[in-house]
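Work through the exercises below with the structure open beside you, trying each task before reading its solution.

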Amino acid sequence: YLRGELAQSMFVDFKRVMDSQRLAVPFGIAQVGRVFRNEITPGNFTFRTLEFDLMEFEYFVREDTWERWFAYWVQDMQTFALQEVGLTDARLRTREHASQERSHYSKKTVDIEYETPFGWKELFGIAYRPHDLQNHAEKSGTDLRATDPATGEKFYPHVIEPTFGLTRLVLMVLLDAYDEETVEGDTRVVLRFRPQVAPVQVAVFPL
């Protein structure tokens, strides 16, 4: 009963959200929450843990537009990491999964990785999930198709899934801000946070 991901509840709630909000595809559902994984090798502080916080979108699109929306979300996630969070550009890269790496539900997966002291590690991920709603509909017997408002055509939306590890992101912010400086022969640790995430932006000290 300890959930391993956030996605399933958003797929289950898809029709309720679409109908109650009168939404047309494309649209997204987002969720933040705690998840649990039976990790074999937890370690590297909070990078890999048995319990962590996750943020996910399920962004529902027409099948013939998935590549455009996939590229949009990759770019938007990079912009978020650089401009909103203020991570160092040189420490970020994107890497597409090889076919043997991808999850069974994904047709394409790209990771945004950060260069940590223990190597390049996944910070964010984005996956193209083409069959989730159709599979849920077949197993549940509930019609989860969307309707094109212009033509009346019914179709199963495909899904772009941007995933943000919140716990990992906090760790990467700390790693990015970490610095050491020598003052009068003593070495001290300094956290040089970017203004976007600095807990204190203005301070007044006595002389």
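The model is predicted, so local features need pLDDT of at least 70 and side-chain atom pairs count only at pLDDT 80 or more, whereas totals for chains, interfaces and linings use all residues. Residues are numbered from 1 along each chain as its sequence is written, and side-chain values use heavy atoms, with hydrogens and water left out.

**Exercise 1.** Describe the overall make-up of the chain.

Solution. Begin with the secondary structure, which comes to five helices and 10 strands, where helices (H or I, at least four residues) and strands (E, at least two) are DSSP runs numbered from the N terminus. Next take the extent: the C-alpha trace spans about 75 × 40 × 30 Å along its principal axes. Finally, 36% of the 207 residues count as buried, that is, under 20% relative accessible area, with exposed meaning over 50% and partly exposed in between (1.4 Å probe, protein chains only).

**Exercise 2.** Characterise the largest pocket and its lining.

Solution. A pocket is an open set of points on a 1 Å grid over the protein atoms alone, with protein on both sides within 12 Å along at least five of seven lines, while a cavity is a set where a 1.4 Å probe fits but cannot get out; lining residues have an atom within 4 Å of a point. The largest pocket has a volume of about 720 Å³, and among its 35 lining residues Arg37, Asp111, Glu122, Thr163 and Arg168 lie nearest its centre. The elements giving two or more residues to this lining are β2 (51-61), β4 (108-116), β5 (119-129), β8 (158-165) and α5 (166-177), and β5 gives the most, with eight.

**Exercise 3.** Which residues line the largest cavity?

Solution. The count comes to one cavity of 30 Å³ or more, and the largest cavity has a volume of about 50 Å³. Its lining consists of Val85, Gly86, Leu87, Val173, Asp176, Ala177, Arg192, Phe193, Arg194 and Val197.

**Exercise 4.** Is alanine 30 buried or exposed?

Solution. First locate alanine 30, which lies in strand β1 (residues 27-36). Its relative accessible area is 51%, and therefore alanine 30 is exposed. Then look across to phenylalanine 57, which is 27 residues away in sequence but 4.3 Å away in space, C-alpha to C-alpha.

**Exercise 5.** Classify leucine 191 by accessibility.

Solution. Leucine 191 is found in strand β10, and because its relative accessibility is 40%, leucine 191 counts as partly exposed.

Methods: Points joined across faces, edges and corners; volume = space filled by probe spheres on them.
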